[in-house]
Amino acid sequence: GVDVWRDGELLVRDGSESEILDALGERNVVVVSPIGGQGFVFGRGNPQLSPAVLRRCDVEIVASRAKLDDLDSLRVDTDDPDLDTELRGWTKVRVGRFERRMMKVE
């Protein structure tokens with residue numbers, strides 16, 4: 001599920017798209033991790049993170065080193081071809097408190 005937090009307070013637990021949109025503020029960050037061995041970040045298993053939600057948020061991807069070692073690239077499939085194009089390219093993935101790894105998003 002998708003939870004919405006602001007200033008340490010839980011606003012929405014396991015929210016729907018409309019609940020998430022209603023809770024968004026001026027600055028929003030979506031923190032996601034690739035799903036399974038296919039490397040999907042958006043579009044598989046998180047439909048509440050719709051194009052409408054994602055267009056209002058910055059994206060931070062987090063993953064373990066081991067998970068990234070098994071992936072050639074990350075993938076997006078939001079059902080919005082323009083958004084998919086915007087999300088594609090190289091991005092930094094957080095793999096530790098101070099460590100990031102560059103990964104290609106396809």
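## Contacts of a loop threonine

Contact here means heavy atoms within 4.5 Å. The model is a predicted one.

Thr78 sits in the loop between strand S6 (75-76) and helix H4 (81-87). Leaving aside residues up to four places away in sequence, Thr78 touches Phe42, Pro51, Leu54, Leu83, Asp84 and Leu87. Thr78 counts as buried because its relative accessibility is 10%, and buried means under 20%.

Two polar links involve the Thr78 side chain. One reaches the backbone nitrogen of Asp80 at 3.2 Å. The other is a polar contact of 2.6 Å with the side chain of Asp84.

## The nonpolar core

The largest nonpolar core has 25 residues. Val30, Val32, Phe42, Leu49, Leu68, Leu74 and Val93 touch the most other members. At least two core residues come from each of helix H1 (17-23), strand S3 (29-32), strand S4 (40-42), helix H2 (51-54) and strand S8 (100-105).

Take Val93. Its contacts, not counting residues up to four places away in sequence, are Ile61, Val62, Ala63, Leu68, Leu74, Glu99, Arg100, Arg101 and Met103.

## Salt bridges around helix H3

The salt-bridge count is 5. Arg65 pairs with Glu99, with the closest N and O atoms 2.5 Å apart. This pair links distant parts of the chain: Arg65 is in helix H3 (residues 65-69), while Glu99 is in the loop between strand S7 (89-94) and S8, 34 residues apart. Arg65 is partly exposed at 40% relative accessibility. Glu99 is also partly exposed, at 33%.

Asp69 and Arg101 form a salt bridge at 2.9 Å, N to O. Asp69 belongs to helix H3 and Arg101 to strand S8, so this pair ties together parts 32 residues apart in sequence. Asp69 counts as exposed, with 56% relative accessibility. Arg101 is partly exposed, with a relative accessible area of 24%.

Glu86 forms a salt bridge with Arg55; the closest N and O atoms are 3.1 Å apart. Again the pair links distant parts of the chain. Glu86 lies in helix H4, and Arg55 lies in the loop between H2 and strand S5 (58-62), 31 residues apart.

Is Glu86 buried or exposed? Glu86 counts as exposed, at 54% relative accessibility. Arg55 is partly exposed, with a relative accessible area of 43%. A network of salt bridges links Arg55, Asp80 and Glu86.

Notes
Residues are numbered from 1 along each chain as its sequence is written. This is a predicted model: local features need pLDDT of at least 70, side-chain atom pairs count only at pLDDT 80 or more; totals for chains, interfaces and linings use all residues. Side-chain values use heavy atoms; hydrogens and water are left out. A nonpolar core is a set of buried Ala, Val, Leu, Ile, Met, Phe, Trp, Tyr and Cys residues joined through side-chain atoms within 4.5 Å. Buried means under 20% relative accessible area, exposed over 50%, partly exposed in between (1.4 Å probe, protein chains only). Helices (H or I, at least four residues) and strands (E, at least two) are DSSP runs, numbered from the N terminus. A polar contact is a pair of N or O atoms within 3.5 Å; within protein, one must be able to donate a hydrogen and the other to accept it, and residues adjacent in sequence count only if both atoms are side-chain atoms. A salt bridge is a side-chain nitrogen of Lys or Arg within 4 Å of a carboxyl oxygen of Asp or Glu.
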